[in-house]
Amino acid sequence: MSARPATGLRAGTGHRRPAVGQYAGDRRRAWPYPRTTLGAAAAGAVAVPFLVPPYPLHQVTLVLVYVVALLGLDLVTGHGGLISLGHGAFFGVGAYTAAILLSSGAPYPVTLPAAGLVAYGLGHAFGRPAVRLSGLYLAVVTFAVAVAVPPLIRRLAPGGAMGLPVRTPGAPSFTGLDDDQWVYLLVLAVAAAAFTLMRSVIRSSLGRALVALRADAGAAELLGIHPSATRAHAFAWSAVYAGLAGCLFTWTTGFVAPESFTVTLSITLLAGIVIGGLGTVSGAVIGAVVVTFLPAPGLVSGLALVLVLAVAPHGVTGLVRRAPAFLGRRRP
Amino acid sequence: MIGQIVHGLGTGAVYAALALALVLVHRFTGVVNFAQGELAMVSAYVAWQLVEAGLSYWAALPLTMAVAFAAGALAQRVVMRWAGDAALIMTIGLYVLVHALAAQIWTSALRTFPNPFPGGPLGVAGPLAVVAAVLALLYLVIRHSGAGLTLRAVAADPRAARLAGIRVGRVHALGWGLAAVAGAVSGVLVAPVVFLEPGMMGNALVSALAAAAAGGFVHPVAAVAGGLLIGVAETLAGTYLWADLRVVVPLAVLLALPAVRSGGLARVRA
């Protein structure tokens, strides 16, 4: 274990941003009507497929898919302070698990737990050795995973470099829905369940241990928290979310190819959660919108990532949260 | 078999130079630079542009090194100084930015790069000699120059160095510049082997990360040795076992390292 305490002081310049608001322990609610908002958002989300034409609906579905992936990444990166560059690979493995099962004739409800299980196993296999050393080592190992997985998929998975088209879940006839509306509602249900589960994971002993480790690893260890076991668990959970999101991706697009799950996807996911805002649910949602509509990492997303890190380290969510204080200051 | 090992050493020289750059940045500024490969790629493009403009290879080389030094120092001064606690994610932002800029300027067309070394097994001695020269040069600069002394002081304790009157920010820029020079060597070495294109350093970066991890991101000589070994292992695995196994070698090294030598790695800072 490193003896260096995790203060905000980096090796180097000694500049330190003062903690403000929530980050300084302010427990007042940032937004006073959480239940009303949640209810309105849920009602709006259910109404979307009946109001929106098919192609925009497809994009909204993809946003929900990426919300699930980013909720998982946020557990490790936002709450744990560890960096994963391998979530694109877990996403791809989940997507391919679902696609292979679907093409071999399995019913689609089976593919979701299967994708989660495979991702869980891989998350443990890669996470366990990687988190034993330091947060940095996890970033390096997961980067290597992200680079190694697409060629392996190309070689081993059916379809090879050409990819694998599969059937998407069809709506049961009694519902009277179109297939894309049905897929949207399925993805919405999974995303809602994933969101609820993640809230309890973050509030569980695992989530609190993770945050404690991030704040001060030495003190957390004295309290009986096992650093590498906690981090490995959190990483495996986070990989499960990426795998589930991959499965939902297969349901949504009906096509998987190795080129969709390269290291580019991992970087895009990380950029999304950083731009959205680490450690917050709204950060995952904003990040998912960013991931969906800013497809390949390019000049725009590179600049956005660098600027956000330099100017607004808590992302768009942090900016929005600071806005009332900022505007209030201007008032006489 | 011997031929494959020699060929692997040539590849390993590329990884060794890039791993050396990673170790330098980590030692002097405490961050693993994921953008190192992209900076090296830009250096290779600069060398190519100079050769295209009519310079000879050996005249273009020192100019490229100077440009690489400036680019590395500039990246530190313009981008990295604002990173705060998120230095690692910032290097990924830099990676995306540099990659996109290179794709804008030079497009993603494949280009050929002149190879200054003769073909055949003897040609491998060239890259190895270059890497050895860079290692020796860096050793001299870091151990026996005033700038090297300030570098080591900042690496040992940035706050104490600042209190002693050292301009820590400038020294960080110097560290990034020196690392970029080592990275540029890897870029120029790899460019004749693979085609010149914006994505050419992707796989080399992973192998170099594994090599640098073998030295705990602090030991330059271990990183160079690791780079050569990984180069040989990748070539042998790719030739005799299975072509796609190449990409798995660095991953296997990274997963095995914590069990083998956690002592040297425990010093790695986040």
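Mentor: Before we start, please keep in mind that two residues are in contact here if their C-beta atoms, placed from the backbone, lie within 7 Å, and that what stands above is a predicted model.

Trainee: How many residues does the contact take from chain A, and how many from chain B?
Mentor: Both chains contribute to this contact, and the predictor gives the complex an ipTM of 0.90 together with a pTM of 0.88. Counting residues on each side, the contact takes 42 from chain A and, from chain B, 48.

Trainee: Which element of chain A gives the largest share of the side that touches chain B?
Mentor: The elements of chain A that give two or more residues to this side are α5 (135-156), α10 (263-276) and α12 (299-311). The largest share amounts to 14 residues, and the helix that supplies them is α5(A).

Trainee: How many residues of helix α9 of chain A are buried?
Mentor: Helix α9 of chain A runs over residues 227-253 and reaches 39 Å from its first C-alpha to its last, close to the 39 Å expected at 1.5 Å a residue. Just after α9(A), A:Gly254 takes a positive phi of about 70°. The helix itself is mostly covered, and of its 27 residues the number buried is 24.

Trainee: What radius of gyration does chain B have?
Mentor: Chain B has 12 helices and zero strands, and its C-alpha atoms fill a box of roughly 55 × 50 × 35 Å along the principal axes. Of its residues, 55% count as buried. Because a compact globule of 270 residues would have a radius of gyration near 18 Å, the value for chain B agrees with that expectation, being 18 Å.

Trainee: Which helix of chain B has the lowest confidence?
Mentor: The mean pLDDT of chain B is 86, with 95% of its residues at 70 or more, but over residues 263-270 of chain B pLDDT stays under 50. Where pLDDT is low, the predicted coordinates should not be read in detail. Confidence is highest in helix α2 of chain B, at 92, whereas the lowest mean, 48, belongs to helix α12 of chain B.

Trainee: Over which residues of chain A does pLDDT stay under 50?
Mentor: Chain A averages a pLDDT of 85, and 89% of its residues score at least 70. Among its elements, the mean is highest in helix α3 (residues 87-103), at 95, and lowest in helix α13 (residues 315-330), at 75. The stretch under 50, for which the model has 30 contacts beyond four places in sequence, covers residues 1-14.

Key
Residues are numbered from 1 along each chain as its sequence is written. Chains are lettered from A and ligands numbered from 1 in the order in which they are written. This is a predicted model: local features need pLDDT of at least 70, side-chain atom pairs count only at pLDDT 80 or more; totals for chains, interfaces and linings use all residues. Helices (H or I, at least four residues) and strands (E, at least two) are DSSP runs, numbered from the N terminus. pLDDT is the predictor's confidence in each residue, from 0 to 100. The expected span of a helix is 1.5 Å times one less than its number of residues. A residue is buried if 20 or more other C-beta atoms lie within 10 Å of its own, exposed if 12 or fewer, and partly exposed in between; C-beta atoms are placed from the backbone. The radius of gyration is taken over C-alpha atoms; the globule rule is 2.2 Å times the number of residues to the power 0.38.
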